[in-house]
Amino acid sequence: MEFQKFVFTDGEIEPQIRAIVQKSKKQVILVTPYLELWGHLKNEIAKAVKRKIRVQVIVRPEEKEDKKRTDALEWLVENEVEVYELERLHAKIYLNEKNLLVSSMNLTESSTTNSLEIAMIVCDLNSSICCLLFELLNLLSSKAFLRSTNLLGSPEIVSTKTMSP
């Protein structure tokens, strides 16, 4: 009987997030309050977009000027990723149509190297826990605003459309 690992810590989490993006067939949703993309993750997101995968990112609105975050948001928008902002967001959830990862890790490079983190992956998206998480994601997304960057680089609210997991 083969053992499959469902709980990950520290340096094991970042490869799991990249694998969720890599293995997606239709859609990827990345939920994180704080954002600072690193090279490997950007590469996987860009490849997913080229494969016509719908990539959605939900982040917390900027509370103070942060160049790395601003650069990451601009890169996402330029690369046809749907970026949503949700006030008071603190959840960290990463999923595709087959796997859902709930984690303490933000999508920041410092979280991959400097923080003690834990995550749990669920592979049966028909399970009751996944159904509940999808309901909660839909509730969150119904309150989120699609972010766009205008020519001056400042965010503007485009719509409040609901996302589909």
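**Buried and exposed positions in a predicted protein model**

Lys-52 is exposed, as its relative accessible area is 72% (a residue counts as buried under 20% relative accessible area, exposed over 50% and partly exposed in between, using a 1.4 Å probe and protein chains only). The model is predicted, so that local features need pLDDT of at least 70 and side-chain atom pairs count only at pLDDT 80 or more, while totals for chains, interfaces and linings use all residues. Residues are numbered from 1 along each chain as its sequence is written, and side-chain values use heavy atoms, with hydrogens and water left out.

The protein has five helices and 11 strands (DSSP runs numbered from the N terminus, with helices being H or I of at least four residues and strands E of at least two). Of its 165 residues, 45% count as buried. Among contacts (heavy atoms within 4.5 Å) with a separation of 6 or more, 71% are accounted for by residues 24 or more positions apart.

Lys-52, in the loop between α2 and β4, has a positive phi of about 70 degrees although it is not a glycine. Asp-10, likewise not a glycine, has a positive phi of about 40 degrees. Most residues other than glycine have a negative phi. Asp-10 is found in the loop between β1 (7–9) and α1 and is partly exposed, with a relative accessible area of 30%.

Helix α1, residues 13–22, is mostly covered, with seven of its 10 residues buried. The buried residues are Ile-13, Glu-14, Ile-17, Arg-18, Ala-19, Ile-20 and Val-21. The axes of α1 and helix α2 (residues 39–50) come within 9 Å and cross at roughly 10 degrees (axes are lines fitted to C-alpha atoms, for helices over the stretch in contact, and angles run from 0 to 180 degrees between N-to-C directions). The two helices are therefore roughly parallel, the term for angles under 35 degrees. On the α1 side, Glu-14, Ile-17, Arg-18, Val-21 and Gln-22 meet His-40, Leu-41, Glu-44, Ile-45 and Ala-48 of α2. By class, this contact has five nonpolar, two polar and three charged residues (Ala, Val, Leu, Ile, Met, Phe, Trp, Tyr, Cys and Pro count as nonpolar, Asp, Glu, Lys and Arg as charged, and the others, Gly among them, as polar).

Arg-60 lies in the loop between β4 (54–59) and α3 (67–78). At 17% relative accessibility, Arg-60 counts as buried. Its side chain makes a polar contact with the side chain of Tyr-34 at 2.9 Å (a pair of N or O atoms within 3.5 Å, of which, within protein, one must be able to donate a hydrogen and the other to accept it, and residues adjacent in sequence count only if both atoms are side-chain atoms). Apart from residues up to four places away in sequence, Arg-60 touches Thr-32, Pro-33, Tyr-34, Arg-69, Leu-86, Arg-88, Leu-89 and His-90.

Val-83, in strand β5 (residues 82–85), is buried at 1% relative accessibility. The C-alpha atoms of Val-83 and Leu-30 are separated by 9.6 Å, although the two are 53 residues apart along the chain. Leu-133, in helix α5 (residues 128–142), is buried with a relative accessible area of 16%. Neighbours within four places in sequence aside, Leu-133 is in contact with Leu-100 and Val-102. Leu-133 and Leu-100 are 33 residues apart along the chain, and their C-alpha atoms are separated by 9.0 Å.

Technical notes. Angles under 35 degrees count as roughly parallel, over 145 as roughly antiparallel, 65 to 115 as roughly perpendicular and the rest as oblique.
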